[in-house]
Amino acid sequence: MKLVSILKTAAMASVVAVPAFAQDVTLRMQTHYATEHPTGQMLATFIDDVQTMSDGAIAIEMFYSSSVVATTETFDAAINGIVDCDATGGAYQTGKNPAFQFVGDIMGGYETPWQQYSWLYHGGGYDAAQELYNANDMQLIGWSIYGQESLSSSKPLNGFEDIKGWKFRSPPGMETEIFEELGASPIVMDFTEIFTALETGIIDGADASGLANNVGLGLYDIVKHATYPGFHSMPSDHLACNKAVWDGLSDAHRRIIDTAWQKLSFQIALANEKANAEAAAALVEQGVTLYDWSPEDRAEFRRAAQVAWEDWGTRSPEAGAILASHKEYMTKLGLIE
């Protein structure tokens, strides 16, 4: 009985002692999403998954709404040790290297998140992108892709003929070049200026986000036309960490974070697919017209996109290498010839 008692006491002591050394890694991450945003809420689940799977050995301190540095500065903040990891997106870093366009938003390339994930994990994309990140002392962990974005408009958008002369809010970068190639009039403006510009007629429409997100923003209180499913843009957010910090983690810790991120990223795509479908049904009932472009018009947009791709591919060796990887895989998928 004494032996049993001793063993029980030792077991209890070991349980009590665990918290004292369990939380041995703390990673500081910044995201541009707010805590109340659906993606922000999913990031909280990611944090819980990491901490649970590591039995408390990994703690994540998430800074929401770009509360430490500006969104575009998060990548450099991770490089310089202000935070450990960047949970924003590669497209913000095209000024650092044009190649980041091809890991941030390929524009007119893949038609579904699953095709784009397939390039990353099974089409050679991870290795191609990793060279770019490692050259900047960062490690790409993975992507999160919420799906194709929708164009919103005060005028019909039934095909590429309708966008000739169409004035719309566009983010800066390759998108403006593609739409100019098709005869549209993209106007680069801050996200916060969209509503006033639509109400006053300065622009006819906007490229803002996916259909469900556009509903949440209140765009369809102002305009009554939208493309759905989208085709022109499918941005990918990333998780990228300071390479020295990442290399300093144990193999087990790296595996846990990678696995939890893949779960998060796929759940984001699935949740947004459902949300967009529900939003589409509700908008039709409210009198909003949705336009699913024909295969011919989609092919015309992709032709214009490829003109821009080729130009961007000449802007740095890394851009050319990642573009070549995309083109090889898209050819296998039958998306381009």
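Contact here means heavy atoms within 4.5 Å. Helices (H or I, at least four residues) and strands (E, at least two) are DSSP runs, numbered from the N terminus. What you're looking at is a predicted model, where local features need pLDDT of at least 70 and side-chain atom pairs count only at pLDDT 80 or more, while totals for chains, interfaces and linings use all residues. Residues are numbered from 1 along each chain as its sequence is written, and side-chain values use heavy atoms, with hydrogens and water left out.

**View 1. Helix α7 and what it packs against.**
Helix α7 covers residues 125–135, and G125, A128, A129, Q130, L132 and Y133 are its buried residues. Buried means under 20% relative accessible area, exposed over 50%, and partly exposed in between (1.4 Å probe, protein chains only). Those buried residues of α7 pack against α4 (74–79), α5, α6, β4, β10 and α14 (317–333). After the helix comes D137, whose phi is positive, near 60 degrees.

**View 2. Y126, a residue of α7.**
Y126 sits in helix α7. Its relative accessibility is 25%, so Y126 counts as partly exposed. Leaving aside residues up to four places away in sequence, Y126 touches W119, L120, Q139, L140 and I141. For the pair Y126 and I141, 15 residues apart along the chain, the C-alpha atoms are 9.0 Å apart.

**View 3. The five-stranded sheet.**
Here's an open sheet of 5 strands in the order β2-β1-β3-β10-β4, with mixed pairing. Two strands pair if DSSP finds at least two bridges between them. β2 (58–63) and β4 (138–145) are the edge strands, each with a single partner, so one side of each has no neighbour in the sheet. From one strand to the next, the twist averages 20 degrees. Strands β1 (residues 25–31) and β3 (residues 85–87) run parallel, paired over 3 bridges.

**View 4. Strand β4 and its partner β10.**
β4 and β10 run antiparallel and are joined by 7 bridges. L140 has A240 of β10 as its bridge partner. In β4, 8 of the 8 residues are buried, so the strand is largely enclosed by the rest of the structure.

**View 5. Helices against the sheet.**
Helix α3 (residues 38–53) packs on the sheet, where it touches β1, β2 and β10, and its direction makes about 165 degrees with that of β2. Axes are lines fitted to C-alpha atoms, for helices over the stretch in contact, and angles run from 0 to 180 degrees between N-to-C directions. Helix α12 lies across β1, β2, β4 and β10, at about 25 degrees to β4.

**View 6. I47, a residue of α3.**
I47 belongs to helix α3. With a relative accessible area of 11%, I47 is buried. Residues up to four places away in sequence aside, I47 touches I60, M62 and Y64.

**View 7. The largest pocket.**
About 1,300 Å³ of space lies in this pocket, the largest one. On a 1 Å grid over the protein atoms alone, a pocket is an open set of points where a 1.4 Å probe fits, with protein on both sides within 12 Å along at least five of seven lines, and lining residues have an atom within 4 Å of a point. Grid points are joined across faces, edges and corners, and a volume is the space filled by probe spheres set on the points. The lining of the largest pocket has 39 residues, with H32, Y92, R169, F191 and A208 nearest the centre. α10 gives the most to that lining, with 3 residues.

**View 8. The second largest pocket.**
The second largest pocket holds about 260 Å³ of space. Its lining is made of 13 residues, and P113, G147, Q148, P229 and E273 lie nearest the centre. α6 (113–122) and α12 (251–285) each supply at least two lining residues, and α12 gives the most, with 3.
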